[in-house]
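The stops below go from loops to strands to a helix pair.

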Amino acid sequence: MNRKRVMSIMCGVLVVFFSSCTTTQEESSSSPTSQPTNLVYYTIGEPDPGLKKVNQAINEVLKQKVNLTITYEKVGWQDYERRLNAMISSGFPVDILFAQNYASFASRKAWLCLDDYLQNEGKQMYETINPILWQGVRMSDGSIYGVPTNKELTVQLQWMYPKELVEKYQIDITQYQTVQSLEPLLQMISQNEPDYLPMELDKDSHNFFSIDGYEYLLDKKLPLMAKSLENHPQIVNIFETKECQDILYTLREYYQKGYINEDAAVKESVNLTYGKKVFWKASEGGPLTESSWSKDRGYSVVTQALSKPVVTTESTQGGVMAISAYTQYPSESVIFLNLLNTDPEVRNLFNYGIEGVQYTLDENGQVLLKDAQELGTNSYAGVPYTQGNWFILKTLGGKYTEPLDKWKQYQIYNEKAICSSLLGFIPDLSGLSRQVANVGQVWDKYYSCLMTGSVDVDTQLPKFLKELQLSGIDAIKEELQSQLDRWILEKNQ
């Protein structure tokens with residue numbers, strides 16, 4: 001019985017399926033003359049009017065190269081997490097997904113174990129992608145369940161400002177290294193530039209705590225953090241720290257003075273709004289972010305990095321593609337991901353669309369994107385961090401020209417990155433799932449209001465901390481510290 005048939009039968013036996021990794025190498029997906037296998041692929045991003053046409057172009061290339069096709073589905077930014085949960089829980093027929101909350105789903109065995117495939121069908125991409133990224137997606141059982149995007153190793157907290165205003169007021173942005181230090185700038189903009197919002201926040205806010213060297217142990221909804229560069233990090237509830245509380249009081253002051261958008265606590269976290277006049281905004285990015293953010297804003301911005309270039313488990317898991325444990329086409333899915341990470345034609349199609357339709361090339365071979373309004377029903381944009389190897393992408397030309405040596409600069413940036421002492425630590429909290437869920441509900445109730453300055457800190461923070469305790473955060477913290485201590489001991493042996 002061939003392996004494809006075995007996998008099909010095993011899909012009906014979930015206990016067996018979820019408890020094992022595939023270990024047998026499959027033959028090539030199909031012969032060049034056979035009917036191509038179609039894979040269903042879901043990722044995050046607003047559905048584009050031109051997606052269907054791009055999908056058709058991708059399929060023509062895939063059929064020619066590996067006799068595969070895909071059904072390419074994009075789900076909006078605010079809906080993706082809900083849809084992903086539903087697809088995983090119901091066993092929805094999907095093969096490849098953008099793995100939001102990668103570690104959580106991997107611990108539930110929702111993703112296919114890739115270990116053997118990475119030595120066979122996926123060997124080329126395994127050798128292409130930075131080994132530090134593989135280290136970051138390797139779970140506590142020693143196995144890999146997703147393919148990380150080969151990009152910058154770390155993203156730093158960066159503050160962006162309109163270049164026009166920075167030059168107009170001769171602002172030295174390197175002098176503003178804390179949230180508290182921004183006050184005179186925000187006051188000046190509020191008084192002199194009424195067309196500009198002084199400070200833009202949204203309900204997800206940003207990891208201001210990375211400025212002080214903290215990283216999350218799991219995710220933001222579990223506000224337990226540790227210092228990235230300590231030899232033996234101690235876990236803290238970040239909202240109990242002085243660093244956090246100083247930021248909360250500062251944001252509250254800014255909100256009361258009208259510096260922060262009034263809808264910050266309910267504003268969805270989306271891509272930069274084109275043309276919106278904002279003086280200060282925080283985001284996370286690697287090298288050369290000024291070019292991409294200027295393109296997104298529609299005017300030139302300048303940036304200042306605030307956090308150190310530390311490689312964390314969170315940063316390595318920021319853009320992972322996984323294969324569903326339910327798939328009937330495991331080898332074909334790996335073959336597709338291998339191609340996406342090693343074949344420039346395929347990778348550029350996903351990112352930019354069709355040459356001559358969504359973009360043209362200049363004399364340097366750089367991409368000249370067509371205006372979205374000009375494209376109309378042909379409008380399309382990939383979401384780079386979700387879709388594979390950056391180092392085989394073409395660079396941008398035109399209004400926001402990127403350096404021709406962009407990817408060399410990225411390599412230099414990666415070489416200077418510092419690995420966190422926590423890199424590769426992926427805790428198992430399956431025994432405390434109820435407490436984790438309860439803490440998440442409390443986080444939902446308080447976080448966005450506190451982190452945008454929208455509520456009084458003196459009344460709301462004590463309530464937040466009390467409800468976190470009642471939800472079991474101390475038990476989670478104790479278990480995490482115990483697991484971390486063991487992990488550090490084993491690593492140092």
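Select Gln 170, which sits in the loop between α8 (163-168) and α9 (183-192); helices (H or I, at least four residues) and strands (E, at least two) are DSSP runs, numbered from the N terminus. This is a predicted model, in which local features need pLDDT of at least 70, side-chain atom pairs count only at pLDDT 80 or more, and totals for chains, interfaces and linings use all residues. Residues are numbered from 1 along each chain as its sequence is written, and side-chain values use heavy atoms, with hydrogens and water left out.

Phi of Gln 170 is positive, near 50°. Most residues other than glycine have a negative phi. At 72% relative accessibility Gln 170 counts as exposed (over 50%; buried is under 20%, partly exposed in between; 1.4 Å probe, protein chains only).

Next, go to Asn 101, in the loop between β3 (96-98) and α5 (102-107). Asn 101 is not a glycine either, yet has a positive phi of about 55°. Its relative accessibility is 32%, so Asn 101 counts as partly exposed.

Now show residues 214-216 (β7) and 224-227 (β8), which pair in the antiparallel sense over three bridges; pairing requires at least two DSSP bridges between the strands. Tyr 216 has Met 225 of β8 as its bridge partner. Met 225 also stands opposite Val 236 in β9.

Finish at helices α13 (330-342) and α14 (344-352), packed at about 90° with axes 6 Å apart. Axes are lines fitted to C-alpha atoms, for helices over the stretch in contact, and angles run from 0 to 180 degrees between N-to-C directions.
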